[in-house]
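Hi everyone, thanks for coming. Please take a look at the sequence and the structure, and then I'll walk you through a few spots.

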Amino acid sequence: MERKPKIIVFDLDYTLWPFWVHTHYIAPFRKKSDKVVDAHGNNVIYDPDILYIIKRLYEQGYELGIASRTKEIEGAKQLLNLFGWDKYFKYVEIYPGTKVAHFSNIQKNSKVRYRDMLFFDDEYRNIVEIGKLSVYTVLVTNGVTQDLIEKSLKAFSRR
């Protein structure tokens with residue numbers, strides 16, 4: 001029988017989107033036609049495959065979470081909303097500090113054991129820190145792709 005994670009958690013900056021929200025763009029964000037723009041009217045660009053990936057995981061029954069240490073808390077939440085992603089994430093931990101605090105809150109609110117969680121992040125230090133909790137971690141080097149998700153789910157089930 002295949003073992004599946006009960007919760008899949010993603011970092012935001014350079015994981016779900018290809019930028020640091022607090023340095024590359026200026027909040028507040030808004031919709032302009034079918035685009036999302038920052039306070040200066042710059043288009044906020046992300047990989048359109050991300051919506052497909054998170055929607056598919058959600059439809060497959062996975063609970064999804066965000067663990068981000070960004071200083072631009074409101075801007076990150078605005079982007080999740082404006083991109084239409086917020087409805088897929090049950091656990092949203094966005095604030096500076098250690099990712100251990102993020103995961104502690106996710107674990108407390110979900111009652112899911114750390115070993116039943118899968119985490120994607122682009123920073124090695126976060127991978128090491130969260131891996132010590134027994135969370136299965138995946139270092140993201142070039143954004144989240146469908147191939148990375150599939151390989152990670154297979155690796156998790158073999159764990």
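Let's begin with glycine 61, which follows helix 2 and has a positive phi, near 95 degrees. Helices here (H or I, at least four residues) and strands (E, at least two) are DSSP runs, numbered from the N terminus. This is a predicted model, where local features need pLDDT of at least 70, side-chain atom pairs count only at pLDDT 80 or more, and totals for chains, interfaces and linings use all residues. Residues are numbered from 1 along each chain as its sequence is written, and side-chain values use heavy atoms, leaving out hydrogens and water.

Now helix 2 itself, residues 49-59: which of its residues are buried? They include Ile50, Ile53, Ile54 and Leu57, where buried means under 20% relative accessible area with a 1.4 Å probe, protein chains only. These four sit on the same side of helix 2, because they cover an arc of only 85 degrees around the axis, taking directions from the helix axis to the C-beta atoms. Among what covers them are strand 1 (7-10) and helix 6 (146-158).

Next, phenylalanine 29, in the loop between helix 1 (21-24) and strand 2 (30-32). Phenylalanine 29 counts as buried because its relative accessibility is 6%. Leaving aside residues up to four places away in sequence, phenylalanine 29 touches several residues, including Val21, Val44 and Leu82; contact means heavy atoms within 4.5 Å.

Finally, the largest nonpolar core has 36 residues, and Phe10 and Trp17 have the most contacts inside it. Such a core is a set of buried Ala, Val, Leu, Ile, Met, Phe, Trp, Tyr and Cys residues joined through side-chain atoms within 4.5 Å.

Note on methods: Buried < 20%, exposed > 50% of the residue type's maximum accessible area, 1.4 Å probe, protein only.
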